[in-house]
Amino acid sequence: MTDLSALRDQVVTLTKAVGRFISTEAQNFDRSKMEEKGLNNLVSYVDKEAEKQLVEGLEQLLPTAGFITEEETKNERGEEYNWIIDPLDGTTNFIHGLPVYSVSIALMQQEELVLGVVYDITRDECYHAIKGGGAYCNDQRIYVSKAATLGDGLIATGFPYYSFDLMQKYLQVMGSFMQSCHGVRRLGSAALDLAYVACGRFEGYFEFNINSYDVAGGAILVQEAGGQVTDFRGGQNYVFGREICVSNSPAVQEEMLKLIEPFWKE
């Protein structure tokens with residue numbers, strides 16, 4: 001049995017070290033060094049080097065675990081444990097000098113998330129959680145917002161930057177949310193959207209065409225902070241199902257899913 005508490009502390013230390021590397025590189029980043037993996041899908045040497053450092057460190061902490069990584073430094077699945085890594089969530093923000101980006105790490109045991117760390121680099125806020133152990137920002141226990149209704153909430157989302165075939169449906173969904181809450185925000189880092197739901201800055205978050213490494217680290221934060229996490233149909237296929245809906249309470253979750261459902265039928 002892996003000691004999740006000790007492992008979390010080690011992952012936090014590693015994540016902060018990689019965050020310092022990213023922060024240092026941000027000071028003099030040359031935009032000409034970015035690359036395009038696909039339409040509007042940007043990557044830099046910073047992403048690649050950060051992921052390399054994370055993989056090397058995590059391999060030492062849990063040698064039997066496999067990896068699911070954004071930049072494909074290592075993508076070999078383990079039988080019981082798998083790390084899910086986004087070395088720089090918010091690369092486009094980073095490249096443009098917008099200080100909203102993070103490191104996201106999750107550990108899955110079989111099909112269950114058991115550990116998550118999201119490091120908000122420019123704010124020096126490290127969010128972390130283990131299964132059954134609560135959620136924290138640095139050393140402070142965090143909880144989801146107590147807002148009772150969607151109408152009292154601020155909601156986060158993400159905009160598609162490629163694969164635009166569902167764009168019109170998504171714009172309709174966003175239109176419904178805009179009329180039903182205090183506002184809709186798009187930060188550009190899904191991991192931070194989730195962390196901010198966990199600490200009560202947002203009441204909810206939803207997005208489609210999203211990857212496992214974007215949401216895995218933050219999903220367990222929300223759960224351990226007392227929130228709700230499902231796919232768009234209220235099911236549990238949110239890590240690998242490419243869609244996620246998150247909120248601070250069952251009541252708000254129900255309101256959010258009801259707004260999504262008319263535009264997102266099979």
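Me: In β7, which residue is the bridge partner of Val117?

Reply: Strands of a sheet pair through backbone hydrogen bonds, either parallel or antiparallel. Two strands count as paired if DSSP finds at least two bridges between them; strands (E, at least two residues) and helices (H or I, at least four) are DSSP runs, numbered from the N terminus. Here the partner of Val117 is His128 in β7. β6 and β7 pair in the antiparallel sense, over 6 bridges. Their hairpin has 4 residues between the strands, and Asp124 in that hairpin takes a positive phi near 55 degrees.

Me: What kind of model is this, and how are residues and side chains treated?

Reply: This is a predicted model, in which local features need pLDDT of at least 70 and side-chain atom pairs count only at pLDDT 80 or more, while totals for chains, interfaces and linings use all residues. Residues are numbered from 1 along each chain as its sequence is written, and side-chain values use heavy atoms, with hydrogens and water left out.

Me: How do β5 and β6 pair, and over how many bridges?

Reply: β5 and β6 are antiparallel, with 8 bridges. Ser104 stands opposite Val118 in β6. In the hairpin of these two strands, which has 2 residues between them, Gln110 has a positive phi near 60 degrees.

Me: In what order do the strands of the 7-stranded sheet run?

Reply: The order is β3-β4-β5-β6-β7-β8-β9, in an open sheet with mixed pairing. β3 (66-69) and β9 (140-142) are the edge strands, each pairing on one side only. Direction ignored, neighbouring strands are turned by 20 degrees against each other on average; axes are lines fitted to C-alpha atoms, for helices over the stretch in contact, and angles run from 0 to 180 degrees between N-to-C directions.

Me: At what angle do α1 and α2 pack?

Reply: Helix α1 (residues 4-26) and helix α2 (residues 45-61) pack at about 160 degrees, with their axes 10 Å apart. That makes the two helices roughly antiparallel (under 35 degrees is roughly parallel, over 145 roughly antiparallel, 65 to 115 roughly perpendicular, and the rest oblique). The contact includes Leu7, Leu14 and Phe21 of α1, and Leu54, Leu58 and Leu61 of α2.

Me: Why is α5 described as largely enclosed?

Reply: The test is burial: buried means under 20% relative accessible area, exposed over 50%, and partly exposed in between (1.4 Å probe, protein chains only). In α5, 9 of the 9 residues are buried, so the helix is largely enclosed by the rest of the structure. β6 is also largely enclosed, because 8 of its 9 residues are buried. α5 is followed by Gly200, whose phi is positive, near 90 degrees.

Me: Which residues touch the most other members of the largest nonpolar core?

Reply: A nonpolar core is a set of buried Ala, Val, Leu, Ile, Met, Phe, Trp, Tyr and Cys residues joined through side-chain atoms within 4.5 Å. The largest has 38 residues, and Ile84, Leu113, Tyr127, Tyr205, Ile244 and Val246 touch the most other members. Its largest share, 8 residues, comes from α5. Beyond four places in sequence, the contacts of Tyr127 include Val117, Tyr136, Ala195, Tyr196 and Leu221. Another core, of 34 residues, lies apart, with Leu54, Leu58, Leu115 and Ile130 among them.

Terms used: Contact means heavy atoms within 4.5 Å.
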